[in-house]
Amino acid sequence: MNAPVPKLKSHYDKLFIDGEWCPASAGEEAVINPATEEEVGSAPVGDAEDTRRAIGAARRAFDEGPWQHEDRNVRADRMQALFERAIARKEEAAGLMQLEMGFTRLNCEFQLGLLFRQLESAVEVARKDPLVPLKPIISEGMPGQPRAFGSAVVTRDPVGVVSAITPYNSGFLLGLLKAFPAIAAGNSVVLKPSPFTPLQSMLIAELFEEADLPPGVFNVVTGALDVGQLMSTDPRIDMVSFTGSDAVGSMVMAQAAPTLKKVQLELGGKSPIIIRSDADIGMAVQAALFGSMFQAGQGCSLTTRILVDNAIRPAFVEALSGAASQIKVGDPYDPETFVGPLIREAARERTEGFVKRALEDGAKLVAGGSRPAHLDKGFFFDVTIFDDVKNDSHLGQTEVFGPIAAVIGFDTDAEAVKLANESDYGLGGGIISADKATAFEMALKMRTGQIQINGGPGGFHPDMPFGGYKKSGLGREWGEEGFNEFTEIKAIGFPAG
């Protein structure tokens, strides 16, 4: 395989706590490149003791430090400077994403472009005056008092100490998308990355160190389940922002419940894309492949349920299968590669289990279904497409997190919307149609957090909130809605005059 980015720092032996780099109590652990299965670096491993220190530092920073009381424009200026540092270190971030996650350069460019648009938006929101006046009213007044004339205002305060827990498939992206707006709003943060991809969070710590924020405002702790549990249960934490599976998300919610923490959960998905009979087949095939195979299928909002009008389904499936055969699976450093590896062998074995189950359930395998014969190293799996999938089957309802797409037929628009909504999830979605008005009407009836009609505005709009219905989570990220998740609303009433 081609050589990774040169001069990439891939060995860390300290955690970032209270503004300093500190030894980790549990030692170090190897970082594995999923494309080669080789050890390519090392990272510190924290434990409960480290986590308690980090939470304590964040608590002191919020309760006793100057950050939450700083002028909002001063905070925004500091975050703007951090944003500029992140852009300057873009190549390092991309290099670590390829090294730890096996991402192609296209995957890296997509995530980094999305990240930088969102950070720019967060700086703009951070500068907005949170004080909003409400209309004046005449009230009956307190008992025994005359009628009163007055009004009220609402404003926003930072929520407090935020624990941010990120998954392996978006370490740099989500680490900053959680920490950056939370800190811009005046909070302090403890970040815990996936044990599979810790190096990207170490780079984030370096960015915050260079930003010279007050000690304890930003902290990074790595580790296993004991660390994650403390991040959800410690009474000094005010809010948990978690991205991951719905199964773990429900555990986080349960762990946070006794102390009534605010929770923001961005969880799984089994998102539908509806291909109407008037769709351009070429556009539909491109959207279906990109929406299901990007990042080797390791994305929560990917549209892996492809709902196709039966009038065009045979032609669509033939074109989709032909296009899938042209997709290159392999070396993520090769610019012609579109699908890189899965994160670990367990993920590949799980993907193989979906193939076996889909065949048993009567689905028709039209592409892929196995490990690439030409690759003897790396956790790769072929681009896989099933037709004749039942919407209520295991493959039709369960998130794979691997490169498998399910084609499901429908006969009417109403049936398409019904099938789209028959899911425990509701995160992403799409519609491909020449009739934009009808597509918009259908989008209004779909129970999902985001819908892109014919590819949307050329990607995600920077002010477009991201989050889902049902088992796809609680709350929103991105844009002003996402920024405000890290705040509490305060109302103040007063008499006029």
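Helices here are DSSP runs of H or I with at least four residues, strands are DSSP runs of E with at least two, and both are numbered from the N terminus. The model is a predicted one, in which local features need pLDDT of at least 70 and side-chain atom pairs count only at pLDDT 80 or more, while totals for chains, interfaces and linings use all residues. Residues are numbered from 1 along each chain as its sequence is written, and side-chain values use heavy atoms, with hydrogens and water left out.

**Helix 3**

Among the buried residues are Leu96, Met97, Gln98 and Glu100. If you next show what covers them, you will find, among others, strand 3 (28-33), strand 4 (38-44), helix 5 (171-184) and helix 6 (199-211), the cover being judged by contact, that is, heavy atoms within 4.5 Å. Just after helix 3, select Gly102, which takes a positive phi of about 70 degrees.

**Aromatic pairs**

Across the whole structure there are 12 aromatic pairs, a pair being rings of Phe, Tyr or Trp (its six-membered ring) with centres within 6.5 Å, called stacked when the planes are under 30 degrees apart, edge-to-face when over 60, and tilted for the rest. Select Phe110 and Phe290, an edge-to-face pair with 6.3 Å from centre to centre and 65 degrees between the planes. Because Phe110 lies in helix 4 (residues 105-126) and Phe290 in helix 9 (residues 281-293), the pair ties together parts that are 180 residues apart in sequence. Phe110 is partly exposed at 31% relative accessible area, and Phe290 is partly exposed at 35%.

**Asp387**

Finally, select Asp387 in strand 16 (residues 384-387), which counts as buried because its relative accessibility is 9%. Its side chain makes a polar contact of 2.7 Å with that of Arg313; such a contact is a pair of N or O atoms within 3.5 Å, where within protein one must be able to donate a hydrogen and the other to accept it, and residues adjacent in sequence count only if both atoms are side-chain atoms. Leaving aside residues up to four places away in sequence, Asp387 also touches Val317, Ala363, Lys364, Val366 and Val407.

Methods. Buried < 20%, exposed > 50% of the residue type's maximum accessible area, 1.4 Å probe, protein only.
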